[in-house]
Amino acid sequence: LMVEKYGSDCFRMYEMFLGPIEQSKPWDTKGIEGVSKFLRRFWGLFVNDNGFNISEETPTKAEYKILHTAIKKVTDDIQRFSFNTCVSAFMVASTDLKKAKCNKRAILEPLTVLIAPFAPHLAEELWTNLGKEGSIHKNGSFPVFEAKYLVEDTLKYPICVNGKKRAMAEFSADTPKAEMEKTAVNLPEIQKWIEGKNVSKVIVVPKRMVNIVVKG
């Protein structure tokens, strides 16, 4: 009955989504509707009101980041048989790509291959609509994670005075420490906390915070 109503892919992914494979789980079909909505949302990345709609445009860095975040998570978790967290990763990726209004082949094609072991029938249908020949399970090359797409160009730092956060600042990932120190001290939001006091040192903790130590 469940397969007839929701389809075998949905039922398959719902069973994975229930929790860790090695643990016993209470059988409750209420959550299957959420998985069904996810699969419809995933399909919706490929279509619009006029039917199948795929762009050949080059993806943005943000779109590549969404894809490779999913590739890394799913690839790692498959090795641990953590299938429920793989399903979660697909849900996050589809939501983020929908927000980005991404329908680009360079993103959606590898994502289709990535989801193939989890939703084989859906993936096969999408593969055909992508103009590919044969079965995705034989001809699709499993996507490989590339760390360069997860490297941040800029980083946000809390700016602290004597250990207490007083402001936030964004720096390029390659900004020299000396420049970060100077910028932090001269922030208007920081000036009121150090005015009339002696700045004894500025400590930059890479990728975490900038702490301005004052006395007086």
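Four strands make up an open sheet, ordered β4-β3-β6-β5, with mixed pairing. Strands here are DSSP runs of E with at least two residues, and helices are runs of H or I with at least four; both are numbered from the N terminus. Two strands pair if DSSP finds at least two bridges between them.

This is a predicted model: local features need pLDDT of at least 70, side-chain atom pairs count only at pLDDT 80 or more, and totals for chains, interfaces and linings use all residues. Residues are numbered from 1 along each chain as its sequence is written, and side-chain values use heavy atoms, leaving out hydrogens and water.

Axes are lines fitted to C-alpha atoms, for helices over the stretch in contact; angles run from 0 to 180 degrees between N-to-C directions.

Look next at β5. Seven bridges join β5 to β6 (residues 209-215), and the two run antiparallel. Ile203 stands opposite Asn211 in β6.

A helix packs on this sheet too. Helix α9 (residues 177-185) touches β3 (154-161), β4, β5 and β6. Contact means heavy atoms within 4.5 Å. The direction of α9 makes about 130° with that of β5.
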